[in-house]
Amino acid sequence: MGMSTVPTLQVLTMLKKILLTTIFLIATSAYSITSDEVKGITIGETDARVEALAKAMPGADDQTAAFLQALADDAVKVAGDKVLVVKDDKAFDAVTGAVQPLPADAEDVINNNRMRGEIDSALAALKLFSKDDAVRAAAVKQLQSDADESKLPLIEKALATEQNAAIKDQLGMVRAAALLGSSDKAKRLEAAKLLATSGQANTKTMLLARLAQEPDGQVKAALGAALRQVESTLAWGDRLGAIFSGISLGSILLLVALGLAITYGLMGVINMAHGELMMIGAYATYVVQGLFQKYLPGAFDWYLLAAVPVAFMASALMGALLERSVIRFLYGRPLETLLATWGISLMLMQLVRSIFGAQNVGVENPSWMSGGVQVLGNLSLPFNRLVIIGFALFVLAAVSWLISKTRLGLFVRGVTQNRPIASCMGVNTARIDTYAFALGSGIAGLAGCALSQVGNVGPDLGQGYIVDAFMVVVLGGVGQLAGTVYAALGLGILNKFLEGLTGAVLAKIAVLVFIIIFIQKRPQGIFAMKGRSAEA
Amino acid sequence: MNTTLNAVSLPAPAPLLGRKGWAAFLLALIAVCAVAPVLNLWVPPGSILHLSDYGVGLLGRIMCYAICALAMDLIWGYTGILSLGHGLFFALGGYAMGMYLMRQIGLDGNYKSNLPDFMVFLDWKTLPWHWTFSDSFVATLLLIIAVPGLVAFVFGYFAFRSRIKGVYFSIITQAMTFAAMLLFFRNETGFGGNNGFTDFKRILDIPIATPQMRMTLFVLTGLTLLGFFLLARWLINSKFGRVLQAVRDAETRVMFSGYNPIGYKLTIWTISAMMCGVAGALYVPQVGIINPSEMSPANSIEMAIWAAVGGRATLIGPILGAFIVSGAKSWLTVAYPEFWLYFLGALFIGVTLFLPDGVVGLVKKLKGGAK
């Protein structure tokens, strides 16, 4: 949809230009706004002016819009009983558009805030007839909050001619909102009926406000029913929203944990620097973004496609380096591995600080990833989250294919299950270790690349996820991918649901307590390994 | 049956300390109780022998760390259980002390209220229930030991009962201290949120910021460290200590020999946590602040590196390790702040790769080579 991509400000200035040019073209041909109306709107007490404006609205057209725009821009002056629009040091008659001399005693028109609000909403109503979809959509949005009966004829006129289905729907809601304030009981009943189908949060506030001042019992009942229906729609939106953000968090945890499932789950290496390998992936994305900005600005939207393999390779190379230089000397000594990799993580963090600075760096979404799909009134699914869910599934499929179907995967499984026998069969176990560790690290890099699209990229990026990621692996059980997947999604959804109930911090604590209790019952995770390898 | 076969001759229990050991112990005692106070309080500041207030503060802090390192050695070095959550027990002891110190501020806070400033700020009218005993010093002393002990006991009971071992246990303890940190960051928990406690004025109604009080706390910390050292020495020389080492080396075999390791593990785990709690309580009045960042996983891991650098399962090693690492930290973070993390990281890697027995092991090796 175009409306969210065009900033409102831009729309307004564009509109202003159009209106200011039309004032001279159209004003001369047809005087649909009378001299009395102009005077009524411009001169006198605010109450009287508001009333005059309301009266002028049903018959309003582009000329009225131009005049109101001038009024809003403080370009209208009054000389005696003449109303003049001033532009480029020239004065024009507000009704005929004829050039007039600007008298020296011409006074500015003072608009107080109430008058300004009235003018703005009147302008918004008139914008409903713009040719530009975006302008109309913006106008509808603005009217939603301050529709009243005086604009009803305009809204209905716009509704009759509106072609765009989405805007038409919204306009229908605005009409209902305008009807709600009507003095006619039948109209209010109709409004209640119409609003019941809306799924937007502001409809609820609108209904509540009306309910508080509604004198008629029958309307009250109808409003109550409408309110309940809106509330249940909203509740559904909230629930689906919680599930979606749970799945989204789960997909991120899955990406983070997949790498660990290989290095820790299969190889048994406790890698506390896993988070820092993710950080390297995120910074690699940042560097690729910078290169595209500098050398390929035209293809900037596609930098992410290049960043994915770069992030993988950067982290995989770093992983291979770590395995060769430190970790291979510590196989079979998990506690020492833990401490050494913690040391590595400290050094990597400081390294990034030295190179890129301690502040977070900015990584932008490509334009095709910003925005989202509006599913319900209060539920929209951001594209970047959707892309990451898809990406996580893709990585999962690739990893499980790699482990179960390829020669490398076969070797990795063989070395994990029985190192001496694999070695006897001619497998170069040391090399397989390096490959497997590099693979796990590369997946961490992919996770970092994904994270750069939804969160901050800074030296501490990995720290926030490492505890969660280990929890996923511990919960899922060591030695297989299926457990990791269920644990990641389960923890993600559980976390977001509890967040809705108790707030973020208590939710996190509750999840940790849950894991500790869970491990009491099933120390080997969701899927316990059976047989000899269980006590390895 | 031949009875001589059954009478396994155990080696005689080692003495608490050897002749040299007692001499060194006595020297340390004199250094803490006499030399340091004299150098700090009576030698004039211009003299090269003068021990500055900064030095007293630093040494006092490091001695608190050394107590933690000693506690780590008991649980990791002798029992083979690597805890990454001892920072929590340290902080709990510190918070218990901090609550008492907050109450000692009395009406001298910024808001001149009987309640601690942060409670006034949060618009609380009365003390929350868990502050009930914070006015009594005796109760505070009890809490300093009881709270970390109880938390450790409950956590350890569930963990050891379901035979969580090795790295699993380490990660769970890390999660434990992480969760506690999140909890203490909340204002609603009633521990001052992320600012924690600070601005202490008095302890036992005596002003806290005087040189005499600083020295008193220093001496107390030193005595506690020496006392805990003897206690640890006694523990590991006893039969109890031998079982612990057996658990470390071959837990299944210990079980097959008819011992239930849970009780042993739980006891040493709880004792170790209490020692950390005491260290935290001594630490807080000396540095004048306690906040939830003390519970961050990084702090707990640093305790492990003190023990590893000095040499595990040597008791004296971890104490040395705490002095070496913390000393290096306080120097490097001032002189070369960029390099401190590189150094610490390299220390983690270097010690695990090249010095599995730490500094003490290195010294022994060099001595052995000289023979």
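Helix α14 (residues 334-356) of chain A packs against α14(B) at an angle of about 155°, and their axes are 8 Å apart. The model is predicted: local features need pLDDT of at least 70, side-chain atom pairs count only at pLDDT 80 or more, and totals for chains, interfaces and linings use all residues. Residues are numbered from 1 along each chain as its sequence is written, while chains are lettered from A and ligands numbered from 1 in the order in which they are written. Chain A has 21 helices and seven strands, where helices (H or I, at least four residues) and strands (E, at least two) are DSSP runs numbered from the N terminus.

**Helix pair between the chains**

- The axes are lines fitted to C-alpha atoms, for helices over the stretch in contact, and the angles run from 0 to 180 degrees between N-to-C directions.
- α14(A) and α14(B) are therefore roughly antiparallel to each other; angles under 35 degrees count as roughly parallel, over 145 as roughly antiparallel, 65 to 115 as roughly perpendicular and the rest as oblique.
- The crossing of α14(A) and α14(B) is left-handed, a term used if the near helix is turned anticlockwise from the far one by less than a right angle, with right-handed used if clockwise.
- On the α14(A) side the contact includes A:E336, A:L339, A:W342 and A:M349, and on the α14(B) side it includes B:L341, B:Y342, B:F348 and B:L353; residues are in contact if their C-beta atoms, placed from the backbone, lie within 7 Å.
- The contact of α14(A) with α14(B) comprises 15 nonpolar, four polar and one charged residues. Ala, Val, Leu, Ile, Met, Phe, Trp, Tyr, Cys and Pro count as nonpolar, Asp, Glu, Lys and Arg as charged, and the others, Gly among them, as polar.

**Interface of chains A and B**

- Contacts link 34 residues of chain B with 30 residues of chain A.
- On the side of chain B that touches chain A, at least two residues each come from α7 (166-185), α12 (297-310) and α14 (340-354) of chain B.
- With 13 residues, α7(B) gives the most to that side of chain B.
- The side of chain B that touches chain A is made up of 25 nonpolar, six polar and three charged residues.

**Helix pair within chain A**

- Helix α12 (residues 274-295) of chain A meets helix α19 (residues 463-476) of chain A at an angle of about 130°, with the axes 8 Å apart.
- α12(A) and α19(A) are therefore oblique to each other, and their crossing is right-handed.
- A:H274, A:G275 and A:M278 of α12(A) make the contact with A:Q463, A:Y465, A:I466 and A:A469 of α19(A).
- Four of the residues in the contact of α12(A) with α19(A) are nonpolar, three are polar and none is charged.

**Sheet of chain A**

- Five strands of chain A form an open sheet in the order β4-β3-β2-β1-β5, with antiparallel pairing; two strands pair if DSSP finds at least two bridges between them.
- β4 (99-100) and β5 (107-108) of chain A are at the edges with a single partner strand each, so one side of each has no neighbour in the sheet.
- Strand β2 (residues 82-87) of chain A is joined to β3(A) by four bridges and runs antiparallel to β3(A), with A:V86 opposite A:A91 in β3(A).
- The hairpin of β2(A) and β3(A) has two residues between the strands, and A:D88 in the turn has a positive phi of about 50°.
- Strand β3 (residues 90-93) of chain A is joined to β4(A) by two bridges, again antiparallel, and A:F92 is opposite A:V99 in β4(A).
- Five residues lie between the strands in the hairpin of β3(A) and β4(A), where A:G97 has a positive phi near 85°.

**Burial and chain contacts in chain A**

- Of the 536 residues of chain A, 45% are buried; a residue is buried if 20 or more other C-beta atoms lie within 10 Å of its own, exposed if 12 or fewer, and partly exposed in between, with C-beta atoms placed from the backbone.
- Among contacts in chain A between residues at least 6 apart in sequence, 72% join residues at least 24 apart.
- Helix α4 (residues 62-72) of chain A has 10 of its 11 residues buried, among them A:D62, A:F67 and A:L71.
- A:T34 lies in the loop between α1 (8-27) and α2 (35-42) of chain A and is exposed, with 12 other C-beta atoms within 10 Å.
- The C-alpha atoms of A:T34 and A:A56 are 9.0 Å apart, and the two residues are separated by 22 residues along the chain.

Notes: Contact = placed C-beta atoms within 7 Å.
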